[in-house]
Amino acid sequence: MLVIEDRWENITNAIRAAVHLIASFGFSMENLTSNNVIIPIAYYLQTIGIPTNYSVSKTYAVDRILVKKWLVATLLKRVFSFAPDGALKPIREIIKSNPNSFPLDKIAQHFRGGNRNLVFNNDEIDDLLYTKYGQGNLLVIMSILYPWADLKNNFHIDHIYPKSLFTKVKLKTFGVSADDIDKYIENVNYIGNLQLLESIPNSEKKNKPFEEWLKETYKDSASLSNYKQKQLIPDIQPTFENFLAFLEAREVLIKEQIAKELEF
């Protein structure tokens, strides 16, 4: 305790810097599912001297990617959900022995094959596709799918096919067969039907059918192609009749993106 008291200012500065960095990734107390993930990041920042511009400087751009990748994998794998000291102690020793950059590979290698393994297998990635709107780890997954998005800005999670239109009466008027209506309603909240939009485009989109919104928003092929690439939109006619096919095709693209971003 005397050592902690003696170093208190340095410790609190490191914790503040870690919280600031995590916030720059788009996380907050509302969506950070484990407070323990702050500790290794704070320890690492303290080890490298707590740079005042770490969260924005180009010098640390690659390093920040490594930190974020560790953070996301740790949250999704729930590494600190049990006996956190079993993870914190070895991570501390690895960071202490590798002070030049965030030692993501060495941390992943240390836990490989155990119950804190950071490497995702095919089944685990498949399970992420069952994430729904409103669930705690949704933003974590979105941070993987949208590496270009600055999540500290005002992004909204939007239903690509508007949820408000997924009632039995409305779906029937859109030509959805009676046999498929329940499937549509069951699947509307899954991540395959979710995208990130900035607040103004999301407000303008409102409850417009996806096909109608696309035509109004992206009037030339270049802008439409760019949107589809950024949002992982498959080349399927975006009608209500094609919703299930759209969902299946987009889940393939989402799975590929997750596998790419979480590869160790």
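The largest nonpolar core of this predicted model has 56 residues, and those touching the most other members are Phe 27, Ile 41, Trp 70, Leu 71, Leu 76, Leu 145 and Ile 258. A nonpolar core here is a set of buried Ala, Val, Leu, Ile, Met, Phe, Trp, Tyr and Cys residues joined through side-chain atoms within 4.5 Å. Buried means under 20% relative accessible area, exposed over 50%, and partly exposed in between (1.4 Å probe, protein chains only). Apart from this core lies another, of 20 residues, including Phe 166, Tyr 184, Val 188 and Phe 210.

A word on the conventions: this is a predicted model, where local features need pLDDT of at least 70 and side-chain atom pairs count only at pLDDT 80 or more, while totals for chains, interfaces and linings use all residues. Residues are numbered from 1 along each chain as its sequence is written, and side-chain values use heavy atoms, with hydrogens and water left out.

Contact means heavy atoms within 4.5 Å.

Now for the chain as a whole. Its secondary structure comes to 14 helices and two strands; these are DSSP runs numbered from the N terminus, helices being H or I of at least four residues and strands E of at least two. The C-alpha trace spans about 70 × 35 × 30 Å along its principal axes. Of the 264 residues, 45% are buried. Among contacts with a separation of 6 or more, 72% come from residues 24 or more positions apart.

Two loop residues are worth a look. Leu 118 sits in the loop between helix 6 (104-111) and helix 7 (122-128), and it counts as buried because its relative accessibility is 2%. Beyond residues up to four places away in sequence, Leu 118 touches Trp 70, Ala 73, Thr 74, Lys 77, Val 79, Ile 107, Ala 108 and Phe 264. The C-alpha atoms of Leu 118 and Ile 107 are separated by 8.7 Å. Asn 189, in the loop between helix 10 (178-187) and strand 2 (194-198), is also buried, at 17% relative accessibility. Leaving aside neighbours within four places in sequence, Asn 189 is in contact with Thr 131, Lys 132, Tyr 133, His 159, Lys 163 and Leu 194.

The structure holds nine salt bridges, each a side-chain nitrogen of Lys or Arg within 4 Å of a carboxyl oxygen of Asp or Glu. Three of them are listed here.

| Salt bridge | N to O distance |
|---|---|
| Glu 93 and Arg 92 | 3.3 Å |
| Lys 205 and Asp 158 | 3.1 Å |
| Glu 216 and Lys 208 | 2.7 Å |

Lys 205 lies in helix 11 (residues 199-205) and Asp 158 in strand 1 (residues 155-159), so this pair ties together parts that are 47 residues apart in sequence. Both Lys 205 and Asp 158 are buried. Glu 216 is partly exposed, at 37% relative accessible area, and Lys 208 is partly exposed at 26%. Salt bridges that share partners join Arg 92, Glu 93 and Lys 96 into one network.

Finally, a helix end: at the start of helix 13 (residues 221-231), a side-chain oxygen of Asp 220 reaches to within 3.2 Å of the backbone nitrogen of Ala 222. Leu 232, which follows helix 13, has a positive phi, near 55°.

Note on methods
Polar contact = N/O pair within 3.5 Å; in protein donor to acceptor, adjacent residues only side chain to side chain.
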